[in-house]
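Subject: Structure for your review

Dear colleague,

Please find below the structure that I am handing over to you, with its sequence.

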Amino acid sequence: MVTPNLKPGHELVFIGLGSNLDRPVEQLKSARLAISVLPLVEEVSFSSLYLNPPMGPQDQPDYVNAVMAVTTGLPPLTLLASLQTIESEHGRVRTCRWGARTLDLDILLYGPLEMSVPELTIPHPGLTERAFVLCPLYEIAPELIIPGKGKIADILAQCPTDQLKKLT
Ligand code: ROI
């Protein structure tokens, strides 16, 4: 990924995408488009799609995961609200916490920001333990340093990745 020139007030943001219901690949492609046309959002990069078994309850289909890099002038909570609207538009129903979903959009990183409020923690708290996030993130940003956690290459080296299948 070429590091983008940032407009004043804009940040480089990484968004995690996941789906395991209702044609997951189509869900992710459609979400990518919906994110890229948000006001004050520009797509920078999009990873490969990765098929992988569910983390958490195993009685649900495999997931397709990816990571998208954007620049945005939207503040974190405004971006979160926009992503939640896109999730709803893709039929996301919040039933059980770790259950199957048509679309999950997570703000993983927001520039150098570290924040925690009840609605949102950045960096995303699961980021450093989840191969389905670390692999696509490393693919598009191998030089990344995760605020408060260190180099992505070092974190990924500690994480088993054998369950991930890159889709072509
Ligand atoms: N498991 C995988 N493999 N991918 C996900 O995106 C994902 N999302 C979730 C839970 C249910 C924790 N498991 C997942 O929210």
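Leucine 105 of this predicted model is in contact with Gly16, Leu17, Ala31, Ile35, Leu83, Ile86 and Glu87, leaving aside its neighbours within four places in sequence. The largest nonpolar core has 27 residues, and those that touch the most other members are Leu17, Ile35, Leu105 and Ile107. At least two residues of this core come from each of E1, helix H1 (24–36), strand E2 (41–46), E4, H2, E5 and E7. Another core, of 23 residues, lies apart from it and includes Leu108, Leu134, Cys135 and Ile152.

With regard to the cysteines, the structure holds 0 disulfides. Cysteine 135 is in no disulfide, and the nearest cysteine sulfur, that of cysteine 159, is 7.3 Å away. A disulfide requires the two sulfur atoms to be within 2.5 Å. Cysteine 135 counts as buried because its relative accessibility is 15%, the cut-off for buried being under 20%. Cysteine 159 is likewise in no disulfide, and its relative accessible area of 12% makes this residue buried.

The largest pocket has a volume of about 870 Å³. Its lining comprises 39 residues, and Arg101, Asp104, Asp106, His124 and Arg130 lie nearest its centre. Two or more lining residues are given by each of strand E1 (11–19), strand E4 (63–72), helix H2 (76–89), strand E5 (104–110), strand E7 (120–122) and helix H3 (131–140). The most is given by E5, with 5 residues. By class, the lining of the largest pocket divides into 21 nonpolar, 9 polar and 9 charged residues.

For the second largest pocket, the volume is about 330 Å³. This pocket is lined by 17 residues, of which Met1, Thr3, Leu12, Phe14 and Leu144 are the closest to its centre. E1 supplies the largest share of that lining, 3 residues. The lining of the second largest pocket consists of 13 nonpolar, 2 polar and 2 charged residues.

Yours sincerely

Technical notes
Residues are numbered from 1 along each chain as its sequence is written. This is a predicted model: local features need pLDDT of at least 70, side-chain atom pairs count only at pLDDT 80 or more; totals for chains, interfaces and linings use all residues. Side-chain values use heavy atoms; hydrogens and water are left out. On a 1 Å grid over the protein atoms alone, a cavity is a set of points where a 1.4 Å probe fits but cannot get out, and a pocket is an open set with protein on both sides within 12 Å along at least five of seven lines; lining residues have an atom within 4 Å of a point. Grid points are joined across faces, edges and corners, and a volume is the space filled by probe spheres set on the points. Helices (H or I, at least four residues) and strands (E, at least two) are DSSP runs, numbered from the N terminus. Ala, Val, Leu, Ile, Met, Phe, Trp, Tyr, Cys and Pro count as nonpolar, Asp, Glu, Lys and Arg as charged, and the others, Gly among them, as polar. A nonpolar core is a set of buried Ala, Val, Leu, Ile, Met, Phe, Trp, Tyr and Cys residues joined through side-chain atoms within 4.5 Å. Buried means under 20% relative accessible area, exposed over 50%, partly exposed in between (1.4 Å probe, protein chains only). Contact means heavy atoms within 4.5 Å.
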